[in-house]
2 protein chains.
Amino acid sequence: MNEAAKRIKQNLIDFSELGIWIAMGLLIGAITAFFEFIYQMGLETVLKIHSELNPWILFGMPFAGLLLVVLFEKYGKKSRKGMNLVFEISQGKERWIPKRTLSLMMFATWISNLFGASVGREGVAMQIGTTIASFINRRFPFFYHEKTIFLVSGMAAGFAGLFGTPYTAVFFAIEVLVAGTLKYRALPCTIAASLMASWVGGLLGLNAETHILPAPLTISSIDQGWKYLLLGIGFGIVGGSFAWISKKFRGWILKKIPDGKKRVLIVGSILAVLLFVLWNGRYSNFGTNLIDGCFYKPPMTIYPWDWLFKMLLTIGCLSVGFVGGEVTPLFAIGSSLGFVIGPLFGMDPAWSAALGYAAVFGAGTNTWLAPIMVGIEIFGFGGFPAFFIACSAAYLVNHSQSIYALQQRYEEEKTEA
Amino acid sequence: MNEAAKRIKQNLIDFSELGIWIAMGLLIGAITAFFEFIYQMGLETVLKIHSELNPWILFGMPFAGLLLVVLFEKYGKKSRKGMNLVFEISQGKERWIPKRTLSLMMFATWISNLFGASVGREGVAMQIGTTIASFINRRFPFFYHEKTIFLVSGMAAGFAGLFGTPYTAVFFAIEVLVAGTLKYRALPCTIAASLMASWVGGLLGLNAETHILPAPLTISSIDQGWKYLLLGIGFGIVGGSFAWISKKFRGWILKKIPDGKKRVLIVGSILAVLLFVLWNGRYSNFGTNLIDGCFYKPPMTIYPWDWLFKMLLTIGCLSVGFVGGEVTPLFAIGSSLGFVIGPLFGMDPAWSAALGYAAVFGAGTNTWLAPIMVGIEIFGFGGFPAFFIACSAAYLVNHSQSIYALQQRYEEEKTEA
C-alpha cells in the first residue's frame, strides 16, 4: 500500500516533468517556425532575383563565396561548424551555439542561393532550430545537463517547420544525433516542438511538401520485394558515396589549397563555369526543379546523368564555403536517380523516383526510420512496404557514411559465445 | 584509386554477408511459420472443444495447471523461463534454448486454453520462433557470437507468422530485447524472417488480424492532439500497471505459497471459480471475444469493468503456471478500456478502442514503435497521427515497466553541463 502511494506520487512528479518538457517543446517549435518564416521569405525573394539574372549571375558566385568565407572567418568561426557544432555539444565538447549563428547562416544561405550555388536549405533550417533551442536552454540552468534533448528538439522543429513533415522530423532528429540509437527520453519535448513548428509553419504559409503519385504501390509481402531491395541497394551506394566523396574531397582540397579565400575563388570559379555550361544553371540551388521534374504530370525531361552532376556540384559548392545544407539536394539526387533506373525494373518512373527520394536521403544521413517516414509523409501511406524495404536496404549498405562528420556511431557489444 | 578499389572490395564482402543474413532469415521465417501452423491447428481444436464444454470445464483448470507445473518441473525447468531465457541468452548468461521448449510450450498453451485459463498465444509463438532460431544458430559455429540477431529474428518470425503483421514484428522484436535501443545490425535477418514467416503463414491460412474502423481518423496537427495525449496517458498507466502488478503478485504469491503444486491448485481454484462466476468464462482464453466486441458492427456489449477483470485474471493465470503469453490479453485490455473511456472525450468508441489496443500493448511491453506500427497495420494508415501521439504518451508514462522481467534498460549518459 505504501509502495502504491509512493508510485502514485512518483507518477505525479513525472507528469509535471512531462508537462514542462512539452511546454519547452511548444516554445522551441513556435519561435523556430517564426524565424523560419523570415528565412523562407528571404529565400523566395532571392530565388526570384536569381531566376531573373540567371545564368549570368553565376559569374558572381566565386566572389559571393569569398564574401562568405571572409564573413565567417571574421565573425563566425564557431557558427561555421554548422551541424558539427551540434554534435560537439551533444558529446560534451562544446557548450552553446552562438546566437549569431542564426543570422549568419540565414544570410549565407540567401547569398549562396542568390548566386546560384548548388546547396539546400534544410541544413540551415535545422540550425535555426538548434540555435533557438540552445538560446532557450541557456536561460534554464536547471536543464544544463539536458542539452541533447534541447538540440534534438530544435533540429526537429527546424525540419518540421520548413518542410511540413512533423513525424519525419521527430525520427530524423532523434536518429541522426547518435546513429543506431534512439534517444527515447528526448521524445516529449521533440514531439511537441515538431508538431508545434509544423502547425505554426503551416499557418504562416510555409510549404508542406507533398507529391501525388500514380496508382498506389502495394506489394503482397515478398513477391515484388526483390525489386525494392535491389533499388534500395543502389540508392544506398549513391547516398553513402555522397557522404564519402564529400569527406574525401573536403580533405583533399583543403590540403591542395590551404588558404580559404583562394580556395573559394578558384574552385568557385570552376563550379560557376560548370553550372553555367551545364544547361544554364540546371543544377543551381536546391534541386527542386529536378524533384518537380520527376513528379509533375506530364513529367519534364530528366537526364540519366542528372543525379551524378547534381551530386558532384553540390559536394563542390558545400566543400568550399557555400551554405545551405545537403538534405534537399539529396532528395533531388535520389529522385532523379530513381526516375532513370526504375524503368529498368519495369516500374513507373515516378514511383522509383519516390523510393530514391527517401532512400538516398536516408543513406546520406545514415538514418533508417526518417527516410521511411518521409516517404509515407510526402507520397502517402500506400507505399509503406516498398519504402520500408528500399530504405532498410539503403541504410544497410551505406557503410555508416554520414554527411555529418561527427555523427557518433553506436557500437553494439556482441554477446560472448 | 587504391582506396576506391578497397572500398569496392569491402562492399562485395558486405553484400555477401547481407545475402547470408537474408538467407538465414528466410530459413528461420519459413520453419517458424510451419510450426506455427501446427500450433494454430491445435489451438483451434482446443478452443472448439473448450467452447462445447464451457463453462463446466473450468473446474478442471486447477488440475490442468498442476499437470503443467509437474511437467515443467520434471522436463523443462529451462523451458519454463520463457522469454526470460531469451533475455539471458542475449545478455550472455545462457547459451541455447532447449529444443524441447517448442513442444512443451505448444502443449502447455493448448492445455491452458482447453481448460479456459486467461492467457494469450503470441508469447508462445515468439518462443517457437526463438527456439527454431537458436536451433539453427547452433548448427553454425561461425555465428556463435551473433546469438542476439538470431533471437531477434526468431521473435519477429514468431510474431509475424501467427499475427500477419510483419512490420510490427520487426519493430517489436528489435525494440523489446533492449528497451530504448534498436539493434540496427539485426535488421536484414529480422526483416527477412518476418516477411517470410508472414508470407508462409498467409499461405497456410494463419489469420492476418485486421479490423475495419468507422470513418478514418485524421487530425490536423495539434488541434485534437490533447485528446490522444490524455487517452495515451491513461493507456500508459494501465499498461504499466499490468507489468507492475504482475511482478508484485508473482513475488507475493511465491512467498505466500512456496510449493508450486499447492500454489497452482489453490490459486487455480480461486481463478476457476472467478472465471465461472463472471459471465461464464467471458474472461477465459485470449480475449478475442472482447476485441471483437469492440470492433464488429453492431458492437457487442463491453462492460466498463471488462479491462480490469481481464487484466487481473490474466495476471493470476500467468503467475501460477498457465502458459500462453500476455500480448493478446494486452490487446483485449486496451481495446475494452478504450471502448469505455473514448466516449468521455466525444470519440467514436471503436476508435478509442483501437488506440487502446495499440497503446496498452506498447506500455505493457515497454515498446514505442511496435505499438504505433501495430495500430496502422491492423487498423489502417489513416490513424497514424493519433496512434503516434497516444502510443508515445503511453510509452513515456509507463515507467519502463515491462512484462518481461529481464528486459534490459538502456541507460543514456547525460551530457555534462
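Guide: With a term: a residue is called buried under 20% relative accessible area, exposed over 50%, and partly exposed in between. This is a predicted model. Trp279(B) has a relative accessibility of 37%, so Trp279(B) counts as partly exposed.

Visitor: Where does Trp279(B) sit?

Guide: In the loop between α10 and α11 of chain B.

Visitor: Is Asn285(A) buried or exposed?

Guide: Asn285(A) is buried, because its relative accessible area is 11% and the cut-off for buried is under 20%.

Visitor: Switching to salt bridges. How many over all chains?

Guide: A search of the whole structure gives 12. One of these joins the side chains of Lys78(A) and Glu94(A), at 3.1 Å from N to O. The two residues are 16 apart in the chain: Lys78(A) lies in the loop between α2 (61-75) and α3 (83-90) of chain A, and Glu94(A) in the loop between α3 and α4 (101-114) of chain A.

Visitor: How do Lys78(A) and Glu94(A) count, buried or exposed?

Guide: They fall into separate classes under the cut-offs of 20% and 50%. Lys78(A) is partly exposed at 36% relative accessibility, whereas Glu94(A) is buried at 19%.

Visitor: Which residues are in the network with that pair?

Guide: Lys81(A) and Glu88(A) are linked with Lys78(A) and Glu94(A) in a network of salt bridges.

Visitor: Why would such side chains pair at all?

Guide: Side chains of opposite charge can pair when their charged atoms come close.

Visitor: Now chain B. What does Glu73(B) bridge to?

Guide: Lys261(B), with the closest N and O atoms 3.8 Å apart. The pair spans 188 residues of sequence, from Glu73(B) in helix α2 (residues 61-75) of chain B to Lys261(B) in helix α10 (residues 260-277) of chain B. Both ends are partly exposed: Glu73(B) has a relative accessible area of 38%, and Lys261(B) is at 33% relative accessibility.

Visitor: What is the N to O distance for Arg282(B) and Asp306(B)?

Guide: 2.6 Å, in a salt bridge between their side chains. Arg282(B) is in the loop between α10 and α11 (288-295) of chain B and Asp306(B) is in helix α12 (residues 306-320) of chain B, so the bridge ties together parts that are 24 residues apart in sequence. Arg282(B) and Asp306(B) are buried.

Visitor: Surface next. Which residues gather in a patch of positive charge?

Guide: Arg95(A), Lys99(A), Arg138(A) and Arg139(A). Arg138(A) is part of helix α5 (residues 122-138) of chain A, and Arg138(A) counts as partly exposed at 41% relative accessibility.

Visitor: Which residues form a nonpolar patch?

Guide: Trp56(A), Phe59(A), Val273(A) and Val277(A), with about 430 Å² of accessible area together. Val277(A) is in helix α10 (residues 260-277) of chain A and is exposed at 58% relative accessibility.

Visitor: Back to chain B. How far does helix α8 reach?

Guide: Helix α8 (residues 187-203) of chain B has 17 residues and reaches 24 Å from its first C-alpha to its last, close to the 24 Å expected at 1.5 Å a residue. Of the 17 residues of α8(B), 14 are buried, so the helix is largely enclosed by the rest of the structure. Just after α8(B), Gly205(B) has a positive phi of about 85°.

Visitor: Last topic, cis peptide bonds. Which residues do they join?

Guide: In chain A, a cis peptide bond joins Asn54(A) and Pro55(A), with omega about 0°. Pro55(A) lies in the loop between α1 (2-53) and α2 of chain A. In chain B, Asn54(B) and Pro55(B) are joined by a cis peptide bond, with omega about 0°. Pro55(B) lies in the loop between α1 (2-53) and α2 of chain B.

Technical notes. Residues are numbered from 1 along each chain as its sequence is written. Chains are lettered from A and ligands numbered from 1 in the order in which they are written. This is a predicted model: local features need pLDDT of at least 70, side-chain atom pairs count only at pLDDT 80 or more; totals for chains, interfaces and linings use all residues. Side-chain values use heavy atoms; hydrogens and water are left out. A salt bridge is a side-chain nitrogen of Lys or Arg within 4 Å of a carboxyl oxygen of Asp or Glu. Helices (H or I, at least four residues) and strands (E, at least two) are DSSP runs, numbered from the N terminus. Buried means under 20% relative accessible area, exposed over 50%, partly exposed in between (1.4 Å probe, protein chains only). Patches are made of residues with over 30% relative accessible area and no salt bridge: like charges are joined within 9 Å, nonpolar side chains (Val, Leu, Ile, Met, Phe, Trp, Tyr) within 5 Å. Accessible areas come from the Shrake-Rupley method with a 1.4 Å probe; for residues, only the protein chains shown count as cover. Lys and Arg count as positive and Asp and Glu as negative; His and the chain ends are not counted. The place of a charge is taken as NZ of Lys, CZ of Arg, CG of Asp or CD of Glu. The expected span of a helix is 1.5 Å times one less than its number of residues.
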